Every structure is written in C-alpha cells, then in structure tokens.
Amino acid sequence: MVETRLIDGKAFAEGLRGRIATEVAAFEAATGVKPGLAVVLVGEDPASAVYVRNKGKQTLEAGMASIEHKLPADTAQDVVLALVRTLNADPTVHGILVQLPLPAHIDAQAVLATIDPAKDVDGFHVVNAGRLAVGLEALVPCTPLGCVLLLKDQLGSLAGLEAVVVGRSNIVGKPLAQLLLREDCTVTIAHSRTRDLADVCRRADILIGAVGRPEMIRGVWIKPGATVIDVGINRVEKPGGGTRLVGDIAFDEAQGIAGAITPVPGGVGPMTIACLLQNTLTAAKRLVD
Ligand code: GUN
C-alpha cells in the first residue's frame with residue numbers, strides 16, 4: 001500500500017498570488033499601468049456572489065484594480081451586451097469576466113462572444129478555445145490551467161503520461177484535455193456515458209474528475225500510484241443532518257491507492273482565482289505592449 005500525498009492547492013495558490021503581486025508591482029512601475037479586472041454579475045445566485053466577493057478581494061490584494069458591475073436578475077440581454085462593449089473599449093480594463101450561470105433569459109454564448117478575446121480572462125471565447133486547440137498563444141480557462149500547474153509541480157514533466165479526464169465540459173474537460181496534450185500526455189476524454197469507465201480510469205497515470213457527480217469515481221478505479229486531481233465541488237447531505245462538500249472522486253477510498261490527490265475543498269478550487277489573476281496580468285502585458 002502506498003502513502004497517498006495530499007496536494008495542497010491552497011498553499012500553492014497563495015504562493016502563486018504572491019508571485020503575481022510582485023510581477024504586478026514591477027509592471028506598474030515600468031509602464032504606469034495598473035492591471036484592471038472587471039467582473040459582471042447578473043442576479044443573486046448565492047454561490048456566484050461568494051465567488052465574486054473572493055475574486056474582488058484577491059484582485060485588490062494582488063495590486064490590481066477591481067471593477068464590479070452587479071446587475072439585477074431581470075436585466076435585459078441588450079443591457080449586458082452594451083456593458084460588455086463599454087468594458088471592451090475601456091483602456092483601464094484588461095480582463096473581463098461575466099459570472100456564469102447567467103439568468104435563463106440571457107444567451108450566455110452571445111454574451112461570451114461579445115467579449116474582446118484579448119480581454120477574455122476566462123478563456124471561454126471561441127477565438128481563445130480555437131487558438132488553444134491549434135497551439136497558438138491564447139488566454140486559457142482558469143480551472144484547467146490550475147490543474148496543470150499542480151500536476152507539473154507534483155510530477156515535473158508530464159510527457160508520455162497517460163491522462164484520463166472524466167468530464168467533457170467547455171469550461172474544464174475539453175480545455176484541460178488540450179492543455180494536457182500540449183504537455184505531451186496521451187489524453188483520453190471520458191464522461192458519464194463512457195462504456196467500462198472503471199477500466200478506462202485504471203489506465204490513468206493522471207486521473208481528473210470533472211464530471212460534477214459526487215464521489216462517482218471509486219477508489220478501485222485508480223491505478224496504484226496515480227496522481228489524482230478532483231475538480232468536482234458537490235454539496236451533499238450529511239447522514240446526521242446538514243451538508244458537506246465532496247468531490248467527484250471517492251476521497252477516502254483513494255487513500256493508500258493514489259500516489260497523490262487534491263482534497264475538496266482546498267485542492268483545485270483556490271487555484272482558479274489565482275489563475276484568473278495570472279490571466280489578467282498576461283492580458284494587461286499583451287494589451288500594453
Ligand atoms: N462560475 C463558476 N465558475 C466560473 C468561472 O470560472 N468563470 C465564470 N465566468 N463563471 C463561473
């Protein structure tokens with residue numbers, strides 16, 4: 001039985017944010033430009049409100065400007081599109097993030113398509129998705145970027161390793177597969193409809209849970225010694241009442257099998273905002289050049 005290492009995403013993200021803050025200060029000293037991140041929140045989804053608050057706080061701590069636009073849930077789509085166009089044209093704004101999910105009456109793809117790809121720090125615009133897919137310089141989605149940074153910190157080179165990504169979303173699964181391919185992994189995208197999912201997972205030197213189903217990936221599906229990254233954040237009922245957060249991987253079962261695993265919470269989650277700040281700095285540098 002192996003000793004399973006815990007991958008401390010919280011500590012790694014703190015270190016990364018510290019390095020970003022140093023770079024932001026140097027960039028501002030050299031150019032006179034303070035990187036600015038604009039966040040647009042439509043409606044009152046409680047989880048989104050927490051994310052946006054944390055983003056604003058960490059943006060300021062990194063020495064960047066935080067611009068928040070909070071709009072009521074019944075805001076018309078045209079109003080959101082007009083705001084995005086204003087932010088596109090604003091030279092003090094280098095990154096634009098429209099918090100998802102949007103209310104049902106707003107076409108999220110239409111909003112994402114309106115963001116200037118050069119300011120698309122979420123990396124959700126089709127131009128950035130396409131640039132990533134063909135190997136051009138792109139702004140890359142934050143959660144997948146965070147996963148790859150953790151993996152490289154654990155493993156060094158990922159070249160030649162067998163990576164299985166369980167989940168095919170545009171936000172995590174697909175871009176993460178592209179990033180792992182860029183690192184010369186052999187990549188499989190599996191999902192809830194994959195046949196013999198357990199056997200597919202057992203091939204993985206790197207196993208990623210990004211399917212959004214609580215503890216769906218079982219301990220016996222993990223290859224002994226594999227590095228396991230859990231992107232899932234699922235709220236489940238506790239037997240004695242109340243709720244707790246669990247990932248997509250059966251964390252307790254993975255102990256003694258996985259070589260290393262990210263906890264939920266405290267694994268991938270904190271990396272997302274750190275990578276958002278990284279993307280904002282990257283966007284500012286490219287826009288000012
Ligand atoms: N909602 C949950 N996560 C995210 C994210 O990374 N970006 C955006 N825009 N919305 C989200």
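1. By class, the shell around the ligand consists of four nonpolar, two polar and one charged residues, where Ala, Val, Leu, Ile, Met, Phe, Trp, Tyr, Cys and Pro count as nonpolar, Asp, Glu, Lys and Arg as charged, and the others, Gly among them, as polar. The residues concerned are Leu97, Val98, Gln99, Leu100, Asp122, Cys142 and Thr272, a residue being near a molecule if its C-beta atom, placed from the backbone, lies within 6 Å of it.

2. A word on the basis of these points: this is a predicted model, in which local features need pLDDT of at least 70 and side-chain atom pairs count only at pLDDT 80 or more, while totals for chains, interfaces and linings use all residues. Residues are numbered from 1 along each chain as its sequence is written.

3. The domain assignment gives domain 1 (32-117) and domain 2 (141-269), with bounds that come from an automatic or database domain assignment. The centres of domain 1 and domain 2, taken over C-alpha atoms, are separated by 29 Å.

4. The largest nonpolar core has 85 residues, and those with the most contacts inside it are Val165, Ile208 and Val228; such a core is a set of buried Ala, Val, Leu, Ile, Met, Phe, Trp, Tyr and Cys residues joined through C-beta atoms within 7 Å. Helix 10 (residues 269-288) gives the most to this core, with nine residues. Because domain 1 (32-117) and domain 2 (141-269) both give residues to this core, it lies between them. Ile208, not counting residues up to four places away in sequence, touches Cys147, Val164, Val165, Val166, Leu176, Ile229 and Val231, contact meaning C-beta atoms, placed from the backbone, within 7 Å.

5. An open sheet of six strands has the order 1-11-8-7-5-6, with parallel pairing; helices (H or I, at least four residues) and strands (E, at least two) are DSSP runs, numbered from the N terminus, and two strands pair if DSSP finds at least two bridges between them. Strand 1 (5-6) and strand 6 (186-190) stand at the edges with a single partner strand each, so one side of each is left without a neighbour in the sheet. Within the parallel pair of strand 8 (residues 227-230) and strand 11 (residues 260-261), which is joined over two bridges, Thr227 has Ala260 in strand 11 as its bridge partner.

6. Strand 9 (residues 234-237) and strand 10 (residues 243-246) run antiparallel and are joined by four bridges, with Glu237 opposite Thr243 in strand 10. The two strands form a hairpin with five residues between them, and Gly241 in the turn has a positive phi of about 100°.

7. Leaving aside neighbours within four places in sequence, Gln77 is in contact with His105, Ile106, Asp107 and Ala110.

Notes:
Buried ≥ 20, exposed ≤ 12 C-beta atoms within 10 Å, placed from the backbone. Contact = placed C-beta atoms within 7 Å.
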